[in-house]
Amino acid sequence: MDSHQPHALSALLVFKHSLNFELVRSLHAYRFEDGKEVEEEREFLFSEDGSYVEMAANPFLRLQKLCVTEVSPGCVIESWVCLFVFGPHNPPILDCIPPILMISCNPKLQSIPALANDLQIIFDLGSRLENEEPSHVPSENNEPSDVPSEEIHESNKNDQSKRTLFMFDLNCPPCLVATPETSENHHKEAPGIIIKKKRAASEDVAKIALEDLVKYFDVPMVEASRNLKIGLTVLKRKCREFGIPRWPHRKIKSLDSLIRDLQEEADRQQLENKAAAMAVLKRQRMLETEKECIEQRPFMEIEDETKRFRQDVFKRRHRARALKNRG
């Protein structure tokens, strides 16, 4: 393909080998200004120990004459399993992009720009779609919209996912839309009406770092979004950028509870058995270290040993309550 000729990415399929998990194959479709479309097939080695490498690829996927609309994640073609699909009928919804194909979660992708650049294009497009304002919202006075009826009619033909992306502001909770001229009057006439919150500025959202999120790992995600003054969807997108698959509130809360119990146990043992108290303090320090590791790397899971210890604590509490109720 002539890289100097203007072209645009129109489709991307990514497959992973079902036997050799380090092999990844992609099929890229590019559309030129003259309407011509060209397909390029590439193969990569996703080495676990080293950097990723692009290898020579035989035209296997191209020979299958795949139709993008008939391929979906999980689809199997001989030894290849589909990981990701982008195309005219597959909008770039960020939740559907596997972490292994996100540069923010997998920096090794930067070593294979042939794939990384196209993935970044899709990610940027998905981000813009999530932040897209409704292009035509009926006014309170039923005034005619500036958007031609033909465009509105065409937009109604879009699939449900696209309508969701364009008809709602995902940076704020669903609420009534108020214009600057009428918002004050609405507030006076009907105090119960919730006025749409002002969106967080893009520059402020871009400045949010992992250290800012760590401060609120000990509270639920909704409360954290309020404290950060951003919408819940924006916070979820920031989590994806930093490779956080799930908000770690429950893990942190569970460890905090175990640490408090051990501190109370250590205080009791200090008067009775100092050796036992030292063992309890050692366990407490281990949990505090594990908590710090999860705060630094939120994708980490709680250690199996900690899970077993937590289960023992739950059993002891249950037995204690049962004895108390029986007595």
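Q: Which residue in E4 is the bridge partner of Leu45?
A: Val53 in E4 is the bridge partner of Leu45. This is a predicted model: local features need pLDDT of at least 70, side-chain atom pairs count only at pLDDT 80 or more, and totals for chains, interfaces and linings use all residues. Numbering starts from 1 along each chain as its sequence is written, and side-chain values use heavy atoms, leaving out hydrogens and water.

Q: What makes E3 and E4 a pair?
A: Two strands pair if DSSP finds at least two bridges between them. Strand E3 (residues 37–45) and E4 have three, in the antiparallel sense. They therefore meet the cut-off of at least two bridges.

Q: Why are E4 and E5 called edge strands?
A: The open sheet has six strands in the order E4-E3-E2-E1-E6-E5, with antiparallel pairing. Strand E4 (53–55) and strand E5 (76–77) each pair on one side only.

Q: How many helices and strands does the protein have?
A: There are twelve helices and six strands. Both are DSSP runs numbered from the N terminus; a helix (H or I) needs at least four residues and a strand (E) at least two.

Q: What makes strand E1 largely enclosed by the rest of the structure?
A: Buried means under 20% relative accessible area (exposed is over 50%, partly exposed in between; 1.4 Å probe, protein chains only). Eight of the eleven residues of E1 (residues 7–17) are buried, so the rest of the structure largely encloses this strand. In the whole protein, buried residues make up 33% of the 327 residues.

Q: How do you know that E1 pairs with E2?
A: E1 and strand E2 (residues 23–32) share nine bridges in the antiparallel sense. A hairpin of five residues joins E1 to E2. Leu12 stands opposite His28 in E2.

Q: How many bridges link E1 and E6?
A: E1 and strand E6 (residues 80–86) pair antiparallel over six bridges. Phe15 stands opposite Cys82 in E6.

Q: Which residues does Ile259 touch?
A: Contact means heavy atoms within 4.5 Å. Leaving aside residues up to four places away in sequence, Ile259 touches Gln284, Leu287, Glu288 and Lys291.

Q: At what angle do H10 and H12 pack?
A: Helix H10 (residues 249–272) and helix H12 (residues 304–326) pack at about 60°, with axes 11 Å apart. Axes are lines fitted to C-alpha atoms, for helices over the stretch in contact; angles run from 0 to 180 degrees between N-to-C directions. The crossing is left-handed: the near helix is turned anticlockwise from the far one by less than a right angle (clockwise would be right-handed).

Q: Which residues in H10 meet H12?
A: Ser254, Leu255, Ser257, Leu258, Asp261 and Leu262 meet Thr306, Phe309, Arg310, Val313 and Arg317 of H12. The contact divides into five nonpolar, three polar and three charged residues. Ala, Val, Leu, Ile, Met, Phe, Trp, Tyr, Cys and Pro count as nonpolar, Asp, Glu, Lys and Arg as charged, and the others, Gly among them, as polar.

Q: Where is confidence lowest and where highest?
A: pLDDT is the predictor's confidence in each residue, from 0 to 100. Helix H4 (residues 160–167) has the lowest mean, 37, and E4 the highest, 92. Residues 133–195 fall below 50; this stretch has 53 contacts in the model beyond near neighbours in sequence. The protein averages 77, and 76% of the residues score at least 70.
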